[in-house]
Amino acid sequence: MASSSSCRAWHCLLALFLLTSAAYGQLSPSFYAKSCPTLPLIVRATMIKALLAERRMGASLLRLHFHDCFVQGCDGSILLDDVGSFVGEKTAFPNVDSVRGYEVIDEIKKNVELLCPGIVSCADIAALAARDGTFLLGGPSWSVPLGRRDSTTASLNEANTDLPPPSLDLNGLIAAFDKKQLNPRDLTALSGAHTIGFSQCLNFRDHIYNGTNIDPAFATLRKRNCPAQAPNGDKNLAPFDVQTQLLFDNAYYRNLVAKRGLLNSDQVLFNGGSQDALVRQYVANPALFASDFVTAMIKMGNIKPLTGTAGQIRRNCRVVNS
């Protein structure tokens with residue numbers, strides 16, 4: 001009898017191990033526990049400093065991680081500069097004059113290298129910065145699976161094709177996320193990152209002037225600093241969430257129900273389609289949104305990571321090791 005119960009316990013442990021490995025792939029939250037135990041503290045301290053200088057940076061670094069993961073997987077490829085004949089992803093249309101926070105990643109890397117030289121990847125630093133940016137702006141926290149390595153390549157082409165543009169309809173968004181093994185629920189939860197941060201007029205101009213699913217008063221408000229005629233005011237910023245633009249909450253979904261989504265790709269999540277019911281659930285239940293957001297962030301962070309001996313640990317996040 002004793003042997004069968006211990007056998008069952010062993011089965012339970014094995015099942016649990018297989019489940020956690022499936023969730024994390026080859027990544028693990030304790031990857032640097034022995035090699036760089038102070039890593040979480042260094043990242044958190046540097047992020048606090050960055051957000052004290054500019055709160056918006058929390059949103060910017062969350063977006064940087066997303067733009068990294070959707071191109072070649074979460075491999076730090078977005079951080080690589082154009083150097084000599086090497087072409088990075090920073091000049092891709094979705095990234096140029098838009099993705100920001102590279103200097104904060106540099107600062108974290110510099111601080112990490114002082115204590116743990118040659119150990120921690122830039123890809124992992126980007127993932128941790130995204131988590132801390134979310135948490136420091138009032139959002140959930142989570143254990144970030146770690147162990148990614150840095151790419152030696154980048155893809156300008158994939159950045160231009162795979163990062164979903166704000167003009168996409170719901171089917172287009174679902175397809176873009178499905179390509180990265182993220183389901184429609186992940187799409188709707190991850191879009192909630194737009195509860196913080198800002199977007200440029202060139203991204204929402206078409207929606208506020210030509211959109212049919214938009215509150216007229218909201219459109220009028222946004223037109224004030226986004227002229228109809230491009231390129232006038234292209235770079236002018238507006239907050240995704242008018243009420244709490246730098247607080248990570250569920251107001252994004254309340255805005256969608258009120259037809260106050262800033263981008264077309266925001267509002268299509270609540271426009272008589274398949275995600276309407278989930279949007280209403282997130283409005284009613286902030287804890288459900290927070291939980292689904294964490295699940296989706298962990299899944300997104302697990303897109304095609306380089307592990308083991310693949311890739312490298314860059315000394316400088318902006319260039320491949322020579």
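Contact means that heavy atoms lie within 4.5 Å of each other. The model shown in these close-up views is predicted.

**View 1**
Residues up to four places away in sequence aside, Val294 touches Pro140, Ser141 and Trp142. Trp142 is 152 residues from Val294 in sequence, yet their C-alpha atoms are 6.6 Å apart in space. The relative accessible area of Val294 is 15%; because buried means under 20%, Val294 counts as buried.

**View 2. Crossing of helices α2 and α5.**
Helix α2 (residues 39-53) and helix α5 (residues 122-136) have axes that come within 10 Å and cross at roughly 55 degrees. The two helices are therefore oblique to each other, and their crossing is right-handed. From α2, the residues Leu39, Pro40, Val43, Arg44, Met47, Ile48 and Leu51 take part in the contact, and they meet Leu128, Ala129, Arg131, Asp132, Gly133, Phe135 and Leu136 of α5. Sorted by class, this contact of α2 with α5 comprises 10 nonpolar, one polar and three charged residues.

**View 3. The two sides of helix α10.**
Helix α10 covers residues 216-223, and Phe218, Ala219 and Arg222 in this helix are buried. Seen down the axis of α10, the buried residues fall within an arc of 100 degrees, so they line one face of the helix. An α-helix has 3.6 residues a turn, so residues three or four places apart point the same way. The buried residues of α10 pack against α9 (201-210) and β2 (237-239). Pro216 and Ala217, on the other side of α10, are exposed.

Key. Residues are numbered from 1 along each chain as its sequence is written. This is a predicted model: local features need pLDDT of at least 70, side-chain atom pairs count only at pLDDT 80 or more; totals for chains, interfaces and linings use all residues. Side-chain values use heavy atoms; hydrogens and water are left out. Buried means under 20% relative accessible area, exposed over 50%, partly exposed in between (1.4 Å probe, protein chains only). Axes are lines fitted to C-alpha atoms, for helices over the stretch in contact, and angles run from 0 to 180 degrees between N-to-C directions. Helices (H or I, at least four residues) and strands (E, at least two) are DSSP runs, numbered from the N terminus. Angles under 35 degrees count as roughly parallel, over 145 as roughly antiparallel, 65 to 115 as roughly perpendicular and the rest as oblique. A crossing is left-handed if the near helix is turned anticlockwise from the far one by less than a right angle, and right-handed if clockwise. Ala, Val, Leu, Ile, Met, Phe, Trp, Tyr, Cys and Pro count as nonpolar, Asp, Glu, Lys and Arg as charged, and the others, Gly among them, as polar. The arc is that of the directions from the helix axis to the C-beta atoms.
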